[in-house]
Every structure is written in C-alpha cells, then in structure tokens.
Amino acid sequence: MRAFRPQWLSARVSQPLKRWNSTAALADIQASKIQVKKADALKPLVANKDLVFGQTFTDHMLTVEWEADKGWSNPQIVPHGKICLDPGSTVFHYGAGCFEGMKAYKDKNGKIRLFRPDMNMARLNRSSHRIALPNFNGDELLKCISEYVKLDERWIPNERGYSLYLRPTMIGTQPTLGVTAPNRALLFVIGSPVGPYYKTGFNAVALKATTEYVRAWPRGTGDAKIGGNYAVGLLPQLLAAKQGYQQNLWLFGDDHQLTEVGAMNLFILWKNTQGETELVTPPLDGSILPGVTRDSILSLARSWNEFKVSERKLTMPELRDAVKDGRVKEIFGAGTACIVSPVKLIEYMGEELHIPLDPSNPSSQAGPLTKRFNDAMMDIQYGDVEHPWSKVIN
C-alpha cells in the first residue's frame, strides 16, 4: 500500500467543512468494483490447539481508502502486510480510529456463516460518525468482507468453539497536527483464527469494582467502539490484576452505578425487591456499548418469556445488599469474544462479595442460565439451529 504523503495536506486542509456541508454526490463503497491481489505464498496454518487469541493472521486483508472530495475508492483485497502512514496522521495524535469485532463460523456442512453482521456494520457507522470519520454503505462493505472471508476460508477452523475473528477498522490518515476532522481515511479488515475463550470449559472471574477510575460517561463516547475507550481501561486492569482480580467492574457517579465489566456488557439474574425473578442489565444511556451479544441475550430471554427482563439503572450498593440477602442467582459478562463470562466474586470498598454459580453442582464454573445462553448462541452461530441471525455467505 502506498504511503500517505505530506504534500496532500496543503490542498485539503479545508475539506472537512466541505464534507459536512456539501450536497455533492461522492463515491460510496461498491463491492462490484473490488480488486483482488492474491498472496504469492500462503502461510502455514496453525493447529487449533495452538491458537492464541489475536496473534495469528490470515493471508489477506481488505482495504478501502477515502478522500473528502472524492469519496470511497475501489475496495482491494491484498496480501496481509504492513500499512505505511505518515507520522502526522490524525489517528496517531487525536485517536481518530474505531473498529468492530465479529466472527465467521463454519457449520457442519462446510458453509460459512456470519452472526448478525448487519449490526456490526450499523455500529461501525455510528462509531465513525461520532469521531468525524466518514460513513459508508454497510451492505456493500459486508459484501466485500464476505469476499475476503471466502478467499481466506482455509483459516476458518471446522471445530465447534473455533472461528475466524474479523476486525473491521477505520482510521483517520490525514497528515496534520491541526485538530480537525480528517479529510483522508482508511478502512481495513483483518482476520485472525481463534479458539474458545475458555479452552477447558468455563472459568468464572473475580472482579474489582473500581471507584477510582471511570471508563465512560453519558453523552461521551462509551457507546462508540473507539480505541480510546479501551486504552483508559488498561491501567486499572493492571492494578486489578496485581490484587488478584481478572477484570474491573466499572462504576459511575456518586451513587456507583453499574455500567460494564471489563470490555463486556453486564447481566445480573436475581430476585428483585418485588420478589420477581429478573434478568437485568444497565440501560443504553450513552456510556455503554450497545453490544451485539447484549442485544441477542435480551432478545432470547424475552422470547423464552420465563422471567422478567429489564434494562434499567442499578447501583453497586443495591447489588451488594442483594448479594447479602441471598437474592442474586448469577452474574455474567457478555461479548463477542467469550459470548458469556461468569462472575464468581466482586470486591467492593474493601469487601469481597461471593456470587453464586450453580447450586446444584459445586464444581461448576457457570450458572445454569449463563450456560443456557452460551449454548443457545453457539447453536445459532454454527447453524445447528436455523435462525435469521445466522447469515450464510457461500
């Protein structure tokens, strides 16, 4: 890929204003114009047992460049390799970057499936808009991603629990130190074969409910999938790990509202103060990422119609009291990487609160509802249960 040269800056420094105000039709992504350059030599595959999350990459990648006065260029599938950028590119200085996480699965008949990819395209468009990066036609990008995945099909493991993790990413590439919306951008997609989040079965985690650091706040960027939301959690994660906890439980406000757990959405199954069995998760108030897995769990739970399902504000003191009263049944995080991650303990204000897992099986590392959600989601993802969420692309 060619380097982005500084001489472009002088000609386009004023383009962001045109971009937001102009009614001129600019080129959108068109899958029909995709150009493919295959790798001369293919990499050796990695055995399933040796896969480490995010450390092995496929043979190719998808790239599409954007310019404010032209729109999107022709999509290209090229050999996976380094990207050459000017050190003044806005992504390096002002965090002009966002991304998605999605997976491709191979079912027992060899068909390639994507799970609710339309939601990933819509969220990437929302994230890019939030940080003044360009929008795109999600259906067309999805067609391009499908062509890329089919080309690198050999990297999709056949075994249940394994998949090809896809990382669509958009970055601002205009070389300028001016704080302005970039007039150049690059959208790329890379793939990485991955195994089960828990290789030997569920492994419940202990959380540190942090009151010192805040991940996000209403009307900020917590509901966008941008790199800055993750960078601010790295130090608290290290500090929690030094104390023996695997993740942070993010709190917000003087009343210590529950928000997210690590980089996942939070779910609690309990008996509420009215005596109802309730699955509850914090609401999408602008500080919480609208996870695809989150939405799927809520939809499944409502379709089962076996208990109350709520999206509402919760505080850590409320949860602490419920644990002490014996009203909490299960707590888990939810996200693309793990589907569900059971919680066994929360440290809050110097006190450790023990969370039930499976009362019928003392050795279990996950509660029955947590396991049920995991199995139901995987059945859909791998095509064992036909569902409109699962999209066959070949």
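Phe-267, Trp-304, Phe-332 and Phe-373 form one aromatic cluster in this predicted model. The charged end of Arg-372 is placed over the ring of Trp-304, at 3.8 Å from its centre.

In total, the structure holds seven aromatic pairs. One of them joins Phe-53 and Tyr-165. Their geometry is edge-to-face, with 5.2 Å centre to centre and 65° between the planes. Phe-53 belongs to the loop between β1 (35-36) and β2 (60-67), while Tyr-165 belongs to strand β8 (residues 163-172). The pair therefore ties together parts that are 112 residues apart in sequence. The two partners fall into separate accessibility classes. Phe-53 has 44% relative accessibility and so counts as partly exposed. Tyr-165 has 10% and so counts as buried.

Phe-115 and Trp-389 make up a further aromatic pair. The arrangement is again edge-to-face: the centres are 5.9 Å apart and the angle between the planes is 85°. Phe-115 is part of strand β7 (residues 112-115). Trp-389 is part of the loop between α10 (368-381) and β19 (390-392). Parts that are 274 residues apart in sequence are therefore tied together by this pair. Phe-115, at 8% relative accessibility, counts as buried. Trp-389 also counts as buried, at 13%, because the class covers values under 20%.

Terms used. Residues numbered from 1 in each chain as written. Predicted model: local features only at pLDDT ≥ 70, side-chain atom pairs only at ≥ 80, totals over all residues. Heavy atoms only, no water. Phe/Tyr/Trp six-rings, centres within 6.5 Å; stacked < 30°, edge-to-face > 60°. Helix = DSSP H or I, 4+ residues; strand = E, 2+ residues; numbered from the N terminus. Buried < 20%, exposed > 50% of the residue type's maximum accessible area, 1.4 Å probe, protein only. Lys NZ or Arg CZ within 6 Å of the ring centre and 35° of its normal.
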